[in-house]
Amino acid sequence: MKHLFYFILLLLVVFHTPEKSFAEESVKITNTLNVRSGPSLSSSVLQQVHSGETLRIVGDSGEWLKVSLGSDSTGWIAGWLVTTSENSDTLSVVEAVVSDLQIRSGPGEENRVIGSTKQGETWQVSKTSGNWTAIHYHDQIGWVATWLVEEVSNQSEQKATAPVKKEVVATILNVREKPGVNNTILTQLPSGTVVSDLKQVGEWSYIRYNNGETGWVDGTYLKETNKHLSTSTLTLLYHSINLRGGPGLDYPVIAQGAKDDKYEIVGKEKEWYEIILNDGTTAYIADWIVSTGSSLGLRANHTNGKTVILDAGHGGEDSGALGLFTYEKLVNLRTTKAIAEKLKDAGIRVILTRDEDRYVSLSERTNLSGLYQADAFVSVHYDSTVDPTVSGITTYYYHEDHKSLASSIHNEITQSNSLRDRGTRFGNYYVLRNNSSPSVLLELGYLSNPFEERQINKQQYQANMTSNIANGIISYLNKNR
Ligand SMILES: [Zn+2]
């Protein structure tokens, strides 16, 4: 027994390396910072180093790095304020999943708030520590809670090399959401269709087809061709349509199009088509206000002159449901404003019952229906219940003849939504009962379900959901012109 003890001790002595080797590691300074005499903020400041300098790392202690200052002297710098050569190649980029994420001076809620980031803004990661992620926030390092950010894929990786033009040689070729015969079929392409082969994974090819959409096909049914990509055009459905500088409502309007104008499509990003203007430059247009060769032409233009009231539930002292980090009143407002923008871009007059975080009584909300002779009233909510596993989307109506508005919207939402479909139901709500316009109340998922709360706050999720709701309203208005 004693021999075994000495043997283990020997192993420890032989294999335990007391210090990591820092021989090849250096640190690039991106911001003026203090070099201290020891590894803590209370140690005295020896000197300052400035942006652009590179220091050699000779040791570390906790979050601190020991650096060489030349001529045998060393000092300590805060490891969370710098990027080391070791991790600089693998830096990832994150974006916040909530609309207002606080950025702190250190890893922990006790640290000072130094700023905030909006959803969709991306930040380069410096390092992570426990549940906290350090980001390069302007010219300093800020810390955000890791569970409230999401890694976004590296932009440069998505830029594929020049795509190869290929022709479909099968009679009908299924285009799927993901590679594999069991995955959802997005569409079918007839023989002879020319597509761009963007990349191959095994036998599967990731292609761009028709109007810039992408999907996966069995690559054995494609052969290289010199034919041009089957060009396709889109047609504007409404008057005064905004053509923007980028794929989103926050990009500037660079031109306007009129109803029935046609443009050639050269690409698609999320829900935006990239089109060629007459002068040869490109612009972006939202996919919910155009028709393309492949669309069923459902969304013909009968929406001009229509009025829709959008009601963001709760507000002010009435917070509505509470999630772990979400106030229902705020996410209702965000969703409502996004739907409003999409409807306005389709030529519909939109009235909001509130456009800021304030209290509005239920009767004030429903009175607007009569005042504006609205064609539809849509109240936006998120659900909550005591059981954190309950999930899904419900659409409520009160009057039987408002059921068609409910199903128009509900069908659009649930078609491409991963949340559970709880159906359209009768609901005895004030805003439905006392409403002179066709009215529905949407419960767009459960904030009391942590998984669903996270989903709901995602930018992409909101983008899809609000497009679907806008499309549902538009298709209802078309049917009831
Ligand atoms: Zn609510």
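This is a predicted model: local features need pLDDT of at least 70, side-chain atom pairs count only at pLDDT 80 or more; totals for chains, interfaces and linings use all residues.

Trainee: What is the strand order in the open sheet of 6 strands?

Mentor: The order is β30-β29-β31-β34-β32-β33, with mixed pairing. Strands (E, at least two residues) and helices (H or I, at least four) are DSSP runs numbered from the N terminus, and two strands pair if DSSP finds at least two bridges between them.

Trainee: Which strands stand at the edges?

Mentor: Those are β30 (349–352) and β33 (421–426); each has a single partner strand, so one side of each lacks a neighbour in the sheet.

Trainee: And in which sense do β32 and β33 pair?

Mentor: Strand β32 (residues 393–397) pairs with β33 in the parallel sense, over 4 bridges. Tyr396 is opposite Arg425 in β33.

Trainee: Which strands does helix α5 touch?

Mentor: Helix α5 (residues 403–415) packs on the sheet and touches β31, β32, β33 and β34. Contact requires C-beta atoms, placed from the backbone, within 7 Å.

Trainee: Changing topic, is Leu310 buried or exposed?

Mentor: Leu310, in strand β29, is buried because 26 other C-beta atoms lie within 10 Å; the cut-offs are 20 or more for buried, 12 or fewer for exposed, and partly exposed in between, with C-beta atoms placed from the backbone.

Trainee: What does Leu310 contact beyond its neighbours within four places in sequence?

Mentor: Its contacts there include Thr336, Ile339, Val350 and Val378.

Key: Residues are numbered from 1 along each chain as its sequence is written. Two residues are in contact if their C-beta atoms, placed from the backbone, lie within 7 Å. Axes are lines fitted to C-alpha atoms, for helices over the stretch in contact, and angles run from 0 to 180 degrees between N-to-C directions.
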